[in-house]
Amino acid sequence: MNLLSVQQVSKAYKLQVGLFKSRNFFALKSVSLQIKVGEILALVGESGSGKTTLGKLILRLEKPTEGKIFFDGREISNFGKEYTRYVSAVFQDPASSLNPRMSVKEILEEPLIVHKYRDREKKILYALLEAGLTEEYLHRKPYQLSGGQKQRVAIARATVLEPKLIVADEPTASLDASLRRGILELFLKLKLKGISVLLITHDVRSVEYVADSVAVLYRGRLLEMGTKQHVLKSPLHPYTKYLIQNMPAEHPSERKTLKTVDVQMYSEEACPFYPLCEYRMDECKAELREAFIDGRFVCCNIY
């Protein structure tokens, strides 16, 4: 059963190209995807691919230019403030997302006050313990916490309302490698409780560890989507292959020289990967075909 459904969503921003001229720059273009109940969907791609923009649209921090987003079968624009009970966020930098003047207890209590919950003390302590911290942290302030502890508090805040979906935008990016696994383990615990997670990341190794499904985004276009096993072990789209082949090496001795091409930021080709693709054809400049192969989606003219 689908919990969230993104249907042909585009997001355009006005780009100034002259003194009196502007044009639309599409951060997202005709993106469709679904997240099932209790599923971890990893949204992967390089910086600037539109991952965070999609996260903001789902969180209702931005409005789509085209298309619709449905949550539990209902368009998200039709929800009131109760939407923030069902959908929570974990941001990349916990230091900037936590109020430095508040104690951990006040940070966790704030959403409960907004939604007029009772038994707040019990819910705060439960969320904190589930996030891997003890009661002694309740009276500390963010500056008294390590980076990993701050992110655990941010996750506790996101779960204190017992949401159905969490949008996690690069939740391990600001952490040392030694702390990342602990944070990823928390998302696996949430999955066991039936909570869905949209994990926005560029870290393919995190995807391997926690994701059920993978959606690959590049320059605003969804190029491939399927199960983790299919997408990571036998990728179909040339960009997915490129992304996996060029992921950071675990050891300096394994580093490769990356293939680089001067790509115009606002290229006109229908396929955004056209300048880098070894299989490119003339038709890729004008149109892109979508296909379903072995139960997964791929947007590429070679299929």
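The legends below describe close-up views of a predicted model.

**View 1. The open sheet of eight strands.** Eight strands are arranged in the order E6-E7-E8-E3-E9-E10-E12-E11 to give an open sheet of mixed pairing. At its edges are strand E6 (87-90) and strand E11 (290-293), each of which pairs on one side only. With direction ignored, neighbouring strands of this sheet are turned by 20° against each other on average. Strands of a sheet pair through backbone hydrogen bonds, in either the parallel or the antiparallel sense.

**View 2. The parallel pair E7 and E8.** Strand E7, residues 165-169, and strand E8, residues 196-201, pair in the parallel sense over five bridges. Within this pair, Val167 stands opposite Leu198 in E8. Helix H6 (residues 147-159) lies across E6 and E7, and the helix runs at about 175° to E6.

View 3. Two residues lie between the strands of the hairpin, where Arg219 takes a positive phi near 50°. E10 is mostly covered, since six of its seven residues are buried. Helix H10 (residues 238-245) lies across strand E3 (40-44), strand E9 (213-218) and strand E10 (221-227), and its direction is at about 100° to that of E9.

View 4. On one side, E12 pairs with E10 in the antiparallel sense over two bridges, with Glu224 standing opposite Val298 in E12.

**View 5. The nonpolar cores and the surroundings of Phe71.** The largest nonpolar core holds 53 residues, of which Leu33, Ile58, Phe71 and Leu165 touch the most other members. Strand E9 supplies the largest share of this core, five residues. Apart from this core lies another, of 19 residues, which includes Leu128, Leu133, Leu138 and Ala156. When residues up to four places away in sequence are not counted, Phe71 touches Leu3, Leu4, Ile76, Phe79, Tyr83, Tyr86, Val87, Lys164 and Leu165. In soluble globular proteins, nonpolar side chains tend to be buried together.

**View 6. The oblique crossing of H4 and H5.** The axes of helix H4, residues 104-114, and helix H5, residues 120-130, come within 10 Å and cross at roughly 120°. H4 and H5 are therefore oblique to each other, and their crossing is right-handed. From H4, the contact is made by Val104, Lys105, Leu108, Glu109, Leu112 and Ile113, and from H5 by Arg120, Glu121, Lys123, Ile124 and Leu128. Leu128 is also among the members of the core of 19 residues.

View 7. In the contact, Gly148, Gln151, Arg152, Ile155 and Thr159 of H6 meet Leu179, Gly182, Ile183, Leu186, Phe187 and Leu190 of H7.

**View 8. The exposed residue Lys233.** Lys233 is found in helix H9, which spans residues 228-233. With a relative accessible area of 67%, Lys233 counts as exposed, because the cut-off for that class is over 50%. Not counting residues up to four places away in sequence, Lys233 touches Glu208 and Lys228. Lys233 and Ile244 are 11 residues apart along the chain, and their C-alpha atoms are separated by 9.3 Å.

Methods: Residues numbered from 1 in each chain as written. Predicted model: local features only at pLDDT ≥ 70, side-chain atom pairs only at ≥ 80, totals over all residues. Heavy atoms only, no water. Pairing = 2+ DSSP bridges. Helix = DSSP H or I, 4+ residues; strand = E, 2+ residues; numbered from the N terminus. Axes fitted to C-alpha atoms, helices over the stretch in contact; angles between N-to-C directions. Contact = heavy atoms within 4.5 Å. Core = buried A, V, L, I, M, F, W, Y, C linked by side-chain atoms within 4.5 Å. Buried < 20%, exposed > 50% of the residue type's maximum accessible area, 1.4 Å probe, protein only. Parallel < 35°, antiparallel > 145°, perpendicular 65-115°, else oblique. Left-handed = near helix turned anticlockwise from the far one by under 90°.
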